[in-house]
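Here are a few friendly notes to read alongside the model. They cover helix packing and charged pairs.

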Amino acid sequence: LGKKTLQTAQQINHYKAQLRLRLKLANNYCYKGAYGLAEEQLSSLERFIKATEDSADFAEFYSTRGMMYGMQSKYDSSIVFYEKVIGIYERTGKTRSLGNPYSNIAIAYQQQSNYPQALLYQQKALEISEKNKDEVQQAYTIMNMGNTFSNMGDSVRAEKSYLDAIKLAKKNTLINVELYGYSNLASMYVKQNKWPEVYEFAMKAAVLGASMGDQGIHSASLSKAATALAYTNKIAEAEALAKKAILIADSSTQ
């Protein structure tokens, strides 16, 4: 449908429609894992795109390139393009648009284990989302901050971040954020040998995972809960839960 609509836009020489469609096609190809086709769209767009007073079109183009490289684990290249996006928005005063590039460049730094730099951009993203009163973006950002704190070994701030993100997720019906909050807390408590807490949050994650049809996280969460039961000497219950986890994992080839 996107390709067909692009042909129509080309026939009537509609610049904005062609820009939007090529960006959308590149996004779709990235999510399919068809990076060669995504590159074809971006290369065509690079020859077609026009400079504007606020450089907004180039910002979107660079952002899509940054996403494409990030999804291929080419984090150095991803960072370069997100820096271009951030530069454009900061120079042109488009502060409301900075949340996404701040969050995305933070993820790239996080994947490189550069946690101080990741946290710097996550804090910037959080500040923007608070100014915009965007609780959805706040929930995602705080969840990612929790992961950063956890990777840095700061379990106190990680725990607070996960709980804050879960609270916002419940308020805004963000089931996936709530799910990952429970799962991340359970994993963190495993490292601390806090078995009652592991069981509590692993079971919450298992219930939500099942409701969303995510068999991977469903089975993994049941496995964590079974481990917690075993460490609290509830062996029969642990064995039954572990067998249930195995069945779900096996059925979904996990």
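Partly exposed here means a relative accessible area between the buried limit, under 20%, and the exposed limit, over 50%. At 38% relative accessibility, Glu200 therefore counts as partly exposed. Please keep in mind that this is a predicted model.

1. Let me start with the pair that Glu200 belongs to. Glu200 and Lys204 form a salt bridge, with 3.4 Å between the closest N and O atoms. Both residues lie in helix H11 (residues 195-212), four residues apart, which is about one turn of the helix. Lys204 is also partly exposed, at 33% relative accessibility.

2. Now to the packing of H2 and H3. The axes of H2 and helix H3 (residues 35-48) come within 7 Å and cross at roughly 160°, so the two helices are roughly antiparallel to each other. Their crossing is left-handed. On the H2 side the contact includes Leu19, Leu23, Ala26 and Tyr29, and on the H3 side it includes Leu37, Ala38, Leu42 and Phe48. By class, this contact has 13 nonpolar, three polar and one charged residues.

3. How do the axes of H2 and H4 cross? Helix H2 (residues 15-32) and helix H4 (residues 56-71) have axes that come within 10 Å and cross at roughly 10°, which makes H2 roughly parallel to H4. Among the residues that meet here are Lys16, Leu19, Leu23 and Tyr31 in H2, and Asp57, Phe61, Met67 and Met71 in H4. The contact of H2 with H4 has 10 nonpolar, two polar and four charged residues.

4. The structure holds 10 salt bridges, and one of them joins Lys16 to Asp57, with the closest N and O atoms 2.8 Å apart. Lys16 lies in helix H2 and Asp57 in helix H4, so this pair ties together parts that are 41 residues apart in sequence. Are the two partners buried or exposed? Lys16 is partly exposed, with a relative accessible area of 40%, whereas Asp57 is buried, at 2%.

5. A further pair worth a look is Glu39 with Arg65, whose side chains meet in a salt bridge at 2.8 Å, N to O. Glu39 is in helix H3 and Arg65 in helix H4, 26 residues apart, and the pair links distant parts of the chain. Glu39 counts as partly exposed at 25% relative accessibility, while Arg65 counts as buried at 5%.

Terms used:
Residues numbered from 1 in each chain as written. Predicted model: local features only at pLDDT ≥ 70, side-chain atom pairs only at ≥ 80, totals over all residues. Heavy atoms only, no water. Axes fitted to C-alpha atoms, helices over the stretch in contact; angles between N-to-C directions. Parallel < 35°, antiparallel > 145°, perpendicular 65-115°, else oblique. Contact = heavy atoms within 4.5 Å. Nonpolar A, V, L, I, M, F, W, Y, C, P; charged D, E, K, R; others polar. Left-handed = near helix turned anticlockwise from the far one by under 90°. Salt bridge = Lys/Arg side-chain N within 4 Å of Asp/Glu carboxyl O. Buried < 20%, exposed > 50% of the residue type's maximum accessible area, 1.4 Å probe, protein only.
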